[in-house]
Amino acid sequence: MTEASSTSWQSQPHAIVERDGVRYTLLGTAHVSRVSVEAVEDAIGSGAFDAVAVELDPQRLQAITDPDALGKLNLVDVIRKGRVALFAANLALSAYQRRLAEQLGIEPGAELKQAVALAKARDLPVALIDRDVGLTFKRASRQLGFFGRMKLMGSLLGGLLASDELGEDEIENLKQGDMLESSFGEFARSSPQLYATVIAERDRYMAARLRESAGEAREVLAVVGAGHLAGLAKHLAEDTEAPAQTRADLEHAPPGRSLRWVMTLITLLILAMIGWGYYQGGAELGRQLIKEWVLITAGFAALGALAALAHPLGILAAAIAAPLKPIRPPGISPGLFSALIEANVRKPAYGDFLALRDDAGTLRGWYRNRVSRTILNFMLTNIGSSIGVWVAGLRIAGKVFS
């Protein structure tokens with residue numbers, strides 16, 4: 001037992017699985033518990049293990065060891081490469097963790113951070129066995145329909161902007177569960193698709209990674225959330241598929257029921273109605289329908305940008321780009337143009353990146369910080385543009401078939 005530890009790791013939830021000449025000790029922890037930190041210190045300090053694995057991926061490890069990790073991303077690249085939703089989700093998770101830290105007086109994931117630090121100090125191999133959080137989020141969102149995705153984003157935003165302290169029941173659930181599941185709120189517990197992706201899939205994934213990363217080690221300590229203990233032990237003992245194949249399967253992001261194709265189909269239907277209007281009602285009706293399309297789509301996109309307090313040039317760009325939807329390449333949205341202008345005209349200062357984690361915890365902070373406001377600009381402009389397409393379609397249909 002180390003000098004700083006007062007908790008025996010054997011007194012904490014754990015499981016031992018022997019496979020292929022390796023004994024895996026799975027130590028179940030609570031991500032918001034000082035006792036779990038002490039248990040990790042005791043286990044590694046005992047000298048009984050020759051390798052350590054933790055429930056982290058490289059991105060999450062960077063996030064808990066470098067508070068400014070999110071701020072070091074290239075914002076323009078995030079926008080251009082279509083990673084805005086993932087960036088926003090990471091901001092929400094970061095803000096949720098900050099809220100927990102302030103209320104409970106301990107940094108979420110402190111036991112994982114300590115496990116990595118102690119293992120490195122003792123020159124023990126460290127394996128990061130969890131799946132990339134961005135991939136987990138992508139697989140979860142792609143298995144949900146449109147309304148499911150909206151509920152998912154609502155759960156994230158609800159947790160992000162909530163100001164009330166967590167209740168005792170919620171804290172207790174967090175101690176027994178998983179950080180990602182808790183950050184998704186009640187929706188994670190009521191959605192079988194989300195639960196399968198956020199919890200069950202990661203149990204399989206981590207079991208495969210443990211088998212892959214053991215190397216020459218014969219005594220491996222795996223520090224994981226208590227909510228993963230039973231599932232991970234089961235998969236580690238029983239799975240027969242080659243771990244590389246399991247990992248490849250669970251790293252694949254299947255095509256989702258993309259809203260983009262739905263919107264494309266609606267746009268084609270609207271164009272067909274405009275063409276029918278020309279054929280049936282002549283040039284005058286055709287011009288009226290085109291005017292309706294331009295004004296409505298441009299207006300709603302501009303309103304979305306305005307709601308994000310975008311720069312006037314960004315609002316103008318959104319209004320110009322929205323009516324061009326039928327000829328825009330896939331993935332090139334009004335929000336992209338508006339957000340790129342915002343990021344270049346109102347370039348975030350160094351202080352915006354430093355304050356990003358704190359500002360992401362309040363709605364006012366999202367508008368105050370130039371980084372998060374650019375993200376809002378992208379999202380609200382695209383939401384406004386999509387609403388505009390629906391409204392324009394209804395208006396045009398009403399005139400054509402009246």
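Guide: Let's begin with Val 17, whose bridge partner in β2 is Tyr 24. Keep in mind as we go that this is a predicted model. Now widen the view to the two strands: β1 and β2 (residues 22-29) are joined by 6 bridges and run antiparallel. In general, the strands of a sheet pair through backbone hydrogen bonds, and they may do so in parallel or antiparallel fashion.

From α1 we can move on to a neighbouring helix. The axes of α1 and helix α5 (residues 110-121) are 8 Å apart, and the two helices pack at an angle of about 20°. Angles under 35 degrees count as roughly parallel, and α1 and α5 are therefore roughly parallel to each other. The crossing in which α1 passes α5 is right-handed. On the α1 side, the contact is made by Ser 36, Val 37, Val 40, Glu 41 and Ile 44, while α5 brings Ala 110, Glu 111, Gln 114, Ala 115, Leu 118 and Ala 119. Sorted by class, this contact has 7 nonpolar, 2 polar and 2 charged residues.

The structure holds 2 aromatic pairs. In the pair of Trp 9 and Phe 49, the ring centres are 5.9 Å apart and the planes stand at 65°, so the pair is edge-to-face. This pair links distant parts of the chain, 40 residues apart: Trp 9 belongs to the segment before β1, and Phe 49 to the loop between α1 and β3.

Helix α15 (residues 312-321) packs against helix α16 (residues 334-345) at an angle of about 160°, with 8 Å between their axes. Angles over 145 degrees count as roughly antiparallel, and α15 and α16 are therefore roughly antiparallel to each other. Again you will find a right-handed crossing where α15 passes α16. Among the residues making this contact are Leu 313 and Ile 315 of α15, and Phe 337 and Ile 341 of α16. By class, the contact of α15 with α16 has 8 nonpolar, 2 polar and no charged residues.

Finally, follow α16 to another partner. Its axis and that of helix α20 (residues 370-400) come within 8 Å and cross at roughly 155°. The pair of α16 and α20 is therefore roughly antiparallel, and their crossing is right-handed. Residues that meet here include Pro 334, Ser 338 and Glu 342 in α16, and Arg 373, Asn 377 and Phe 378 in α20. The residues of the contact of α16 with α20 divide into 5 nonpolar, 7 polar and 2 charged.

How values were computed. Residues numbered from 1 in each chain as written. Predicted model: local features only at pLDDT ≥ 70, side-chain atom pairs only at ≥ 80, totals over all residues. Heavy atoms only, no water. Pairing = 2+ DSSP bridges. Helix = DSSP H or I, 4+ residues; strand = E, 2+ residues; numbered from the N terminus. Axes fitted to C-alpha atoms, helices over the stretch in contact; angles between N-to-C directions. Parallel < 35°, antiparallel > 145°, perpendicular 65-115°, else oblique. Left-handed = near helix turned anticlockwise from the far one by under 90°. Contact = heavy atoms within 4.5 Å. Nonpolar A, V, L, I, M, F, W, Y, C, P; charged D, E, K, R; others polar. Phe/Tyr/Trp six-rings, centres within 6.5 Å; stacked < 30°, edge-to-face > 60°.
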